[in-house]
Number of protein chains: 2
Amino acid sequence: MAKFFIIGAGPGETDLLTVRAARALSRADVVLYDRLVGDDILSLAPKLARKIYVGKGSGEQEIGQAKIFENFVRLSEQDLNVVRLKGGDPMIFGRGVEEWLFLHELGCEVELVPGVSSATGLPAMLGIPLTARGASRGFAVVTGHGLAGAPIEWSKYSSVDTLAILMGVSRRVEIAKELIQLGRNPKELVCFIENGSSQQQKVITSNLEKVASQSVEVKAPAVWIIGNVVAFYEKLHAHVSLSESPKEIFSENILQVSNEQ
Amino acid sequence: MAKFFIIGAGPGETDLLTVRAARALSRADVVLYDRLVGDDILSLAPKLARKIYVGKGSGEQEIGQAKIFENFVRLSEQDLNVVRLKGGDPMIFGRGVEEWLFLHELGCEVELVPGVSSATGLPAMLGIPLTARGASRGFAVVTGHGLAGAPIEWSKYSSVDTLAILMGVSRRVEIAKELIQLGRNPKELVCFIENGSSQQQKVITSNLEKVASQSVEVKAPAVWIIGNVVAFYEKLHAHVSLSESPKEIFSENILQVSNEQ
């Protein structure tokens, strides 16, 4: 039987994998990888390992998942180390548990190696703490990508101190409007981290009201942080841009907004 | 000037550090470390590196923080690589941003290396996904440890699909009561992960009602997950105990509880 490793690749750069993940990848016979996993990370696997792309385009979720399960069945009876490599953490919007259950039912041994989630790691590296004394006692991570027929009940999430939204930038205008309607302060700071942990990283800070008024341009993939903890980024950003060199775009009156609070 | 690395050590085992964190630690001249960081992780630093324990006992928060800042001042003017090593992720209940701001004001270069948070990594390894299609669209991470005079407003967090609570096990009875009063299902599954990612790891599953009635024994440090995603652990646990050998205690009628839902 094959042994499967369901591995989180972290937020992007190769050295943000855990040591355990890097080691498992270096011993893989087969790697099944997703769209958000870069070539640098794949190059940690042996040259002779088979690398099978199983990413899904939008609208292809179910076809894609069936293809992954077919690969699992085909590989399961061979004596192989198979790495299933996912961006971020496999158990946060990664369908990791569905794949683990499927493999468990096939009778395969499975080891899950957690990863640094983009939702926590990207803001942390920029100087945005999801929790901070006096500013945020907790945070929520939620997907902005409502499935057809099952919109997200934002009222469940709207009152937490800090929100981290994954896969929601194309719906940012309606989400911002709804959060304001549900009682969040329109002047509350927000930050979008586009293409985080890559050469193309772009950091966009603004506030909820501006996002609601369609004046903030953002492209997927992006992590979206909502909360006044974004003010820490502003305090630290001169330093961050020195060491990280992100291309930064500030809304013209962010200083004014944070002074108001 | 010293260069400071504020590093997340992850949930416990040494190979759950990121490659970046392990590398920075291996080049450290000085390591300032917290209580939850184990000897195995410290041994990644050079033998000749100075290792300074700056953990805080309960009630010593402010004294401890002053001591850390004194060390920062003393070390800042020397040409050293200083690692500030924290359990989990430094920006999730780690006061990482306060330390970064302090160092920034001293004029030091700071690099933050994120870690796998215990709140996400420990349940993931056990087979508890914080999100899962059809079961959890999002999750919140919150501290159960209310500061004197500033109790946590559980109503802000009580309606999210899945809750991960850090530093709250000694208050579990009152927290469970309050969450039930705020509308969570008393039969909802919970899981405590004591001493996660260590030889002493212990996994305790139960439900909210039993926690509220004082019938569940748990010792700190523990991560507490509340949500029906805990049912996945039950489905997978025979497998998990095979590979991970946690000492497991099941409440006698967990199967019955999950069948009811």
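This is a predicted model: local features need pLDDT of at least 70, side-chain atom pairs count only at pLDDT 80 or more; totals for chains, interfaces and linings use all residues.
## A term to start with

A residue is called buried when its relative accessible area is under 20%, exposed when over 50%, and partly exposed in between.

## Chain A in outline

Chain A is built from 9 helices and 11 strands. Of its 261 residues, 61% are buried. Take the contacts in chain A between residues at least 6 apart in sequence: 65% of them join residues at least 24 apart. The accessible surface of this chain is about 10,700 Å², and carbon and sulfur atoms account for 49% of that area.

## Aromatic pairs

Over all chains there are 12 aromatic pairs. One of them brings together Tyr33(A) and Tyr53(A), with ring centres 5.5 Å apart and planes at 55°, so the pair is tilted. Tyr33(A) sits in strand β2 (residues 30-33) and Tyr53(A) in strand β3 (residues 50-53) of chain A, 20 residues apart, and the pair links these distant parts of the chain. Tyr33(A) is buried at 17% relative accessible area, while Tyr53(A) is partly exposed at 38%.

Back in chain B, Phe102(B) pairs with Phe72(B): the ring centres are 6.2 Å apart and the planes meet at 45°, so this pair is tilted. Phe72(B) belongs to helix α3 (residues 61-76) and Phe102(B) to helix α4 (residues 96-106), so the pair ties together parts of chain B that are 30 residues apart in sequence. Phe72(B) is buried, at 0% relative accessibility.

## An aromatic cluster

Chain A also holds an aromatic cluster, formed by Phe4(A), Phe69(A), Phe72(A) and Phe102(A).

Definitions and conventions: Residues are numbered from 1 along each chain as its sequence is written. Chains are lettered from A and ligands numbered from 1 in the order in which they are written. Side-chain values use heavy atoms; hydrogens and water are left out. Helices (H or I, at least four residues) and strands (E, at least two) are DSSP runs, numbered from the N terminus. Buried means under 20% relative accessible area, exposed over 50%, partly exposed in between (1.4 Å probe, protein chains only). Contact means heavy atoms within 4.5 Å. Accessible areas come from the Shrake-Rupley method with a 1.4 Å probe; for residues, only the protein chains shown count as cover. Rings of Phe, Tyr and Trp (its six-membered ring) pair if their centres lie within 6.5 Å; planes under 30 degrees apart count as stacked, over 60 as edge-to-face and the rest as tilted.
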